[in-house]
Amino acid sequence: MLREPFGISIRTSNSNGSSKVGTDRIQVSPTGVSARERGRSVGAGVGAGRRRRGTVAGLFGAAVLVAGTVLTSGGAYAQPAPGDHSAGRGEDDDRDGGKRDDHGKGDHGKGKRPGEKGTKRPAEPPAGGPSGAASAPSAGARPAPASPAVLASVEAGAATALPTTQGLQQALAAALGDRTLGTVTFAVADASAGQLLYGSGENTPATPASTTKLATSIAALSLIPSDTRLTTRVVKGANPGEITLVGGGDPTLTALPADQVQIGGLPADADTAPASLDALARQTAAALRAAGTTAVTLDYDLSMYAGNPQHKNHDAANIALVVPLMVDEGKVDPKSREEAPPRVADPAGAAAESFAALLRAEGVTVDGKARPAAAPAAATAPVLGRVDSPTIARLVERLLTTSDNTLAEAIARQAAVAAHQPASFEGAATAVKQELARLGVPMTGVVLDDGSGLHPDNAIPPAVLVQLLALAASDRHPALRPVLTGLPIAGFTGTLGKRFGAGSGAADAAGLVRAKTGSLSGVNTLAGTVVDADGRLLAFAVMTRTPAPADTARAAMDRIVARLAACGCH
């Protein structure tokens, strides 16, 4: 029998402020839905997603959860209506790094807090403006919506009985008995209410690896307005002819031409395109010419961050030095599609030199070599140029889909700044833990030493991971929705792109599972959501420690989740 769990409706805002609801055909972009053809229904495609070996479009539709999108001039924002988008295509493995078995490597439901800012990005940011990493909101900035559930129950799901502990136990017993899993702990909950339905060792802390990014993302979106953008600026120095490049904590700033920028192997769209170093150089050169300045000296300000920039597990591949100024995440080859590409030794210095070269190409003489600033740029220093990142919401989607360690640590530091903590590994961890506790997450046994999950001493119980997912699904916290829309889709996007495939024993769950992966040496984790046979959305977390090859362990974990998708478990 074919199961038709739900259809998708999209609410779009017109230029006159009115809205229109209709069914759309959705195209997948690197970190969101970038194109819609109004008037074409995807209802049939969504239903097909529950068919065994259905079409790609159908499977994607079934995985879409149930959230809508408000389109504004500044971007797409989570909207409480059925249907949503996800992100990127990607790597077959998580990017936690460490000495890995497989590759040998390694609410906002409240008002803004004092000092927090957000903005829509102008098409060509003007010279001048306030100082600081986060841009100020325009008068027309739209806050994240705060009304009814974005993740509504699917069709008859609300009236369907919850899976029972006994039913789940019977359905999962064989898959959980796979010896390749080693030590396995897990939790399954009703995503709509967070009610724990079944688990084993669910309250036992385990190494989360990259599922740590769920905690980082939840805290950041709760602390920071979702339309906030990270600003990189150039200001006048204290002396004539001096200019300072001020790092704003945006590792996605790019030196590439717009037509060469890709995210997860796909071209960036208007919502996801990173800020351009070339645009910043052109603005700066124009401002200098207007002032009659033809020659400058350049320094760069890294004062936004504090503490040691080097991660405990730094290998110059899985993560770059964590500094507030870099281009293309510090990659030696900015176009690299490698899972753990080589990183430059001095990301800030390399970014400043790239900027100097772009200024020279604009006819500005830059004397000598760019150097670190002796003191932070004055808050009142005249601004010569500025560029803004995608919104925090889009950045969170990107870091989750591609399991981006460098971006995760940058977002963790933004959370620290918003929480008035030092922008360091330690300050970020403190900020995340404090905010999660404020949101009501049980923190017993939780240990955080970073924002990415690379640190081997991090510990999170499975029950906490499903509570984080339930928070993101709650209608009380609509600004947390990018955590769910950013999760990779099984068999299609991000770090799940090459999992749940033919012959895996889990292929029937492709498109029905969205989950964050995690891998360290001997450790594999998976935490996300799955639509079960009755159309209910369940949250799950599976955490393993095993000497088995990583691919073998992952496949065994995927089969556990596939059993959840296949049953109502009553």
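Modeller: Contact here means heavy atoms within 4.5 Å. This is a predicted model, where local features need pLDDT of at least 70 and side-chain atom pairs count only at pLDDT 80 or more. Residues are numbered from 1 along each chain as its sequence is written.

Colleague: OK, what does Thr185 touch, not counting residues up to four places away in sequence?

Modeller: Ser200, Gly201, Ala206, Pro462, Ala541, Val542 and Met543.

Colleague: Is Thr185 buried or exposed?

Modeller: Buried, with a relative accessible area of 11%. Buried means under 20% relative accessible area, with a 1.4 Å probe and protein chains only. Thr185 is in strand β7; strands are DSSP runs of E, at least two residues, and helices are runs of H or I, at least four, numbered from the N terminus.

Colleague: Switching to rings. How many aromatic pairs turn up in the whole structure?

Modeller: The search finds 1. Phe186 and Tyr198 are edge-to-face, 5.1 Å centre to centre with 70° between the planes. A pair needs ring centres within 6.5 Å, and edge-to-face needs planes over 60 degrees apart.

Colleague: Why does that pair tie together separate parts?

Modeller: Phe186 lies in β7 (residues 183–190) and Tyr198 in β8 (residues 196–200), so the pair links parts 12 residues apart in sequence. Both residues are buried.

Colleague: And which rings does Arg413 sit over?

Modeller: Arg413 lies over the face of Tyr305, at 5.6 Å from the ring centre. Its charged end also sits over the ring of Phe425, 4.2 Å from the centre. The test is CZ of Arg within 6 Å of the ring centre and within 35 degrees of the ring normal.

Colleague: Last one: what covers the buried residues of α12?

Modeller: The cover includes α3, β7, β17, β18 and β19.

Key. Side-chain values use heavy atoms; hydrogens and water are left out. Rings of Phe, Tyr and Trp (its six-membered ring) pair if their centres lie within 6.5 Å; planes under 30 degrees apart count as stacked, over 60 as edge-to-face and the rest as tilted. Buried means under 20% relative accessible area, exposed over 50%, partly exposed in between (1.4 Å probe, protein chains only).
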